[in-house]
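Please keep the sequence and the model in view while reading.

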Amino acid sequence: MTKVVAYLGLGSNLQTPILQLQSARNAIKEMDAIEEISFSSLYRSPPMGPQDQPDYVNAVMGIHTTLEALTHLTAMQQIENEQG
C-alpha cells in the first residue's frame, strides 16, 4: 500500500475539550496504519451557529497513513463515536 500524508482537523467543545483532543490523538496514534508526523498547538474558537454553547478547542494532526480514504473515514468516525 502507498503511504500518504493526511491532515486531520480535531475539535471539541463538550465536557473537557483538551482531554478529549488528547484522547483522540492517542487513539489515532495507536492505529497500526497511522504514524503521527505533526500536531499543532491548541486553539480556542467561538462556536459557529448558535452562540449559547461553549467555545471549541481545535487542533490539526498530520499523519502518514496507508488506509484507503473510506476505511480511514470509518476509523475516525468510530473514534469520534467512542468519545461521544
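A pocket is defined on a 1 Å grid over the protein atoms alone, as an open set of points where a 1.4 Å probe fits, with protein on both sides within 12 Å along at least five of seven lines; its lining residues have an atom within 4 Å of a point. Grid points are joined across faces, edges and corners, and a volume is the space filled by probe spheres set on the points. The model is predicted, so local features need pLDDT of at least 70 and side-chain atom pairs count only at pLDDT 80 or more, while totals for chains, interfaces and linings use all residues. Residues are numbered from 1 along each chain as its sequence is written, and side-chain values use heavy atoms, with hydrogens and water left out.

The largest pocket holds about 430 Å³ of space. Its lining comprises 18 residues, and Leu10, Gly11, Ala24, Glu80 and Gln83 lie nearest the centre. E1, H1 and H2 each contribute at least two residues to this lining; helices (H or I, at least four residues) and strands (E, at least two) are DSSP runs, numbered from the N terminus.

The interior comes next. In soluble globular proteins, nonpolar side chains tend to be buried together. A nonpolar core is a set of buried Ala, Val, Leu, Ile, Met, Phe, Trp, Tyr and Cys residues joined through side-chain atoms within 4.5 Å, where buried means under 20% relative accessible area, exposed over 50%, and partly exposed in between (1.4 Å probe, protein chains only). The largest such core has 13 residues, and Leu8, Leu10, Ile28, Met61, Ile63 and Met76 have the most contacts inside it. Two or more residues come from each of strand E1 (4–12), helix H1 (17–29), strand E4 (56–65) and helix H2 (69–83), with E4 giving the most, 4 residues. Leaving aside residues up to four places away in sequence, Met76 touches Leu8, Ile28, Met31 and Ile34, a contact being heavy atoms within 4.5 Å.

The charged pairs remain. The whole structure has 2 salt bridges, each a side-chain nitrogen of Lys or Arg within 4 Å of a carboxyl oxygen of Asp or Glu. Lys3 pairs with Glu35, with the closest N and O atoms 3.7 Å apart. Lys3 lies in the segment before E1 and Glu35 in strand E2 (residues 34–39), so this bridge ties together parts that are 32 residues apart in sequence. Arg25 and Glu36 form a salt bridge at 2.6 Å, N to O; this pair links helix H1 to strand E2 across 11 residues.
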